[in-house]
Amino acid sequence: MITYANPMGSVSFTSGFFAELVGQAARGCYGVADLSPAPTAENLKSIVMHGGLAEKGVKVTQKSSSLCIELHIKVGYGVNISTIVHSITHRVKHEVEYATGLKVARIDVSVDDIATE
């Protein structure tokens, strides 16, 4: 759970909220076929360290007053991966900062698979 304090109180965001927000922003970018679940080792690490599984393909952590986002995607065959990753990072950062008012410090995008269809 990510918490943001403001003069009128505090706001808490669930991991499901961020998974949906980041997932929709990433899927809207050209060349992204889908989100893919994190590798099994990452899921095990998430259970041990944080007490639960990360949502499908999205993991958001809070470092001081900013967010770190980890995103696992599947891209379409024949697209420029560098351009897709640049587009995703720009769009996800904009969408998250606009929707939540929190600053995004880092976005790590892992391309886990290529869709051939």
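In this predicted model, F18 has a relative accessible area of 1% and is therefore buried, the cut-off for that class being under 20%. F18 forms an aromatic pair with F13, and the arrangement is edge-to-face, with 5.6 Å from centre to centre and 65 degrees between the planes. F13 is likewise buried, at a relative accessible area of 10%.

The structure holds three aromatic pairs, and another of them joins F13 to F17, whose ring centres are 5.3 Å apart and whose planes lie at 25 degrees, so that this pair counts as stacked. F17 is partly exposed, with a relative accessible area of 32%. Taken together, ring pairs link F13, F17 and F18 into a cluster.

The next step leads from the rings to the helices. F17 and F18 belong to helix α1, where they, together with L21, V22, A25 and A26, meet I88, R91, V92, E95, V96, A99 and T100 in helix α3. The residues of this contact divide into 10 nonpolar, one polar and two charged.

As for the geometry behind the contact, the axes of α1, which spans residues 15–27, and α3, which spans residues 81–100, come within 9 Å and cross at roughly 140 degrees. The crossing in which α1 passes α3 is right-handed.

How values were computed
Residues are numbered from 1 along each chain as its sequence is written. This is a predicted model: local features need pLDDT of at least 70, side-chain atom pairs count only at pLDDT 80 or more; totals for chains, interfaces and linings use all residues. Side-chain values use heavy atoms; hydrogens and water are left out. Axes are lines fitted to C-alpha atoms, for helices over the stretch in contact, and angles run from 0 to 180 degrees between N-to-C directions. Helices (H or I, at least four residues) and strands (E, at least two) are DSSP runs, numbered from the N terminus. A crossing is left-handed if the near helix is turned anticlockwise from the far one by less than a right angle, and right-handed if clockwise. Contact means heavy atoms within 4.5 Å. Ala, Val, Leu, Ile, Met, Phe, Trp, Tyr, Cys and Pro count as nonpolar, Asp, Glu, Lys and Arg as charged, and the others, Gly among them, as polar. Rings of Phe, Tyr and Trp (its six-membered ring) pair if their centres lie within 6.5 Å; planes under 30 degrees apart count as stacked, over 60 as edge-to-face and the rest as tilted. Buried means under 20% relative accessible area, exposed over 50%, partly exposed in between (1.4 Å probe, protein chains only).
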